[in-house]
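Please look through the sequence and the model below before reading on.

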Amino acid sequence: MNFIHIVTILALIQYFFFGFMVGRARSKYGIHAPAVSGNEHFERALRIQQNTLEQLVVFLPALFIAAVYWSEGIIALIGVVYLVGRFIYWRAYTADPQTRAIGFLLTMIPSFVLMIAGLIGAMFKA
């Protein structure tokens, strides 16, 4: 079983879910495209999706590069921490954006660890 691919697909499903939540909020609060403002709850949903996309740009390449050099299971577990962090971020930001710090850290730290692991692996294990 390729755990890295599973984590990757779960990250993409998670992003798709956040996009679905934006569409749902757009409909619920009457925010018609192309508008991106007008209701705080819609704007929160949109910001969650946008921030997740910003994080995916770092997370996915770092995940795949680190997995080349280190144990797939350990790298996948770091990826799972990222996924959990994104859900915590989503729940917290939806309720009160000021409470998003734990979810944000559980996203940033795994991404940083994966980048460092990939860099070390590329420098010393190649």
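## A walk through the model

Tyr69 is partly exposed, with a relative accessible area of 24%, and its place is in helix H2. The model that provides this value, like every other value in this text, is a predicted one.

The secondary structure of the protein comes to 4 helices and 0 strands, and the pattern read along the sequence is α-α-α-α. The C-alpha trace spans about 55 × 25 × 20 Å along its principal axes. Of the 126 residues in the protein, 37% are buried, where buried stands for a relative accessible area under 20%.

The pairing of helices H1 and H2 comes next. Two packed helices are described by the angle between their axes and the distance between the axes. Helix H1 covers residues 3-28 and helix H2 covers residues 40-69, and the two pack at an angle of about 170° with their axes 9 Å apart. Because angles over 145 degrees count as roughly antiparallel, H1 is described as roughly antiparallel to H2. Sorted by class, the residues in the contact of H1 with H2 are 20 nonpolar, 5 polar and 1 charged.

Lys28 lies in helix H1 and, at 60% relative accessibility, counts as exposed. The C-alpha atoms of Lys28 and Phe42 are separated by 8.5 Å, with the two residues 14 apart along the chain. In the loop between H1 and H2 we find Pro34, and the peptide bond that joins Ala33 and Pro34 is cis, with omega at about 10°.

Charged side chains on the model deserve a separate look. Side chains of opposite charge can pair when their charged atoms come close. How many salt bridges does a search of the whole structure find? The search finds 2 salt bridges. One of them brings together the side chains of Glu40 and Arg44, at 2.3 Å from N to O. These two residues are 4 apart in helix H2, so Glu40 and Arg44 are separated by about one helical turn.

The C-alpha atoms of Val84 and Phe64 are 18 Å apart, and 20 residues separate the two along the chain. Ile102, for its part, lies in helix H4 and counts as exposed, at 58% relative accessibility. Between the C-alpha atoms of Ile102 and Arg86, which are 16 residues apart along the chain, the separation is 9.7 Å.

The surface itself is the last stop. A nonpolar patch is formed there by Leu53, Val57, Val58, Trp70, Phe112, Met115, Ile116, Leu119, Ile120, Met123 and Phe124, which together have about 1000 Å² of accessible area. The elements that give two or more residues to this patch are H2 and helix H4, the latter covering residues 101-124. Which of the elements gives the largest share of the nonpolar patch? That share, 7 residues, comes from H4. Met115, one of the patch residues, is found in helix H4 and counts as partly exposed because its relative accessibility is 39%.

How values were computed: Residues are numbered from 1 along each chain as its sequence is written. This is a predicted model: local features need pLDDT of at least 70, side-chain atom pairs count only at pLDDT 80 or more; totals for chains, interfaces and linings use all residues. Side-chain values use heavy atoms; hydrogens and water are left out. Axes are lines fitted to C-alpha atoms, for helices over the stretch in contact, and angles run from 0 to 180 degrees between N-to-C directions. Angles under 35 degrees count as roughly parallel, over 145 as roughly antiparallel, 65 to 115 as roughly perpendicular and the rest as oblique. Ala, Val, Leu, Ile, Met, Phe, Trp, Tyr, Cys and Pro count as nonpolar, Asp, Glu, Lys and Arg as charged, and the others, Gly among them, as polar. Patches are made of residues with over 30% relative accessible area and no salt bridge: like charges are joined within 9 Å, nonpolar side chains (Val, Leu, Ile, Met, Phe, Trp, Tyr) within 5 Å. Accessible areas come from the Shrake-Rupley method with a 1.4 Å probe; for residues, only the protein chains shown count as cover. A salt bridge is a side-chain nitrogen of Lys or Arg within 4 Å of a carboxyl oxygen of Asp or Glu. Buried means under 20% relative accessible area, exposed over 50%, partly exposed in between (1.4 Å probe, protein chains only).
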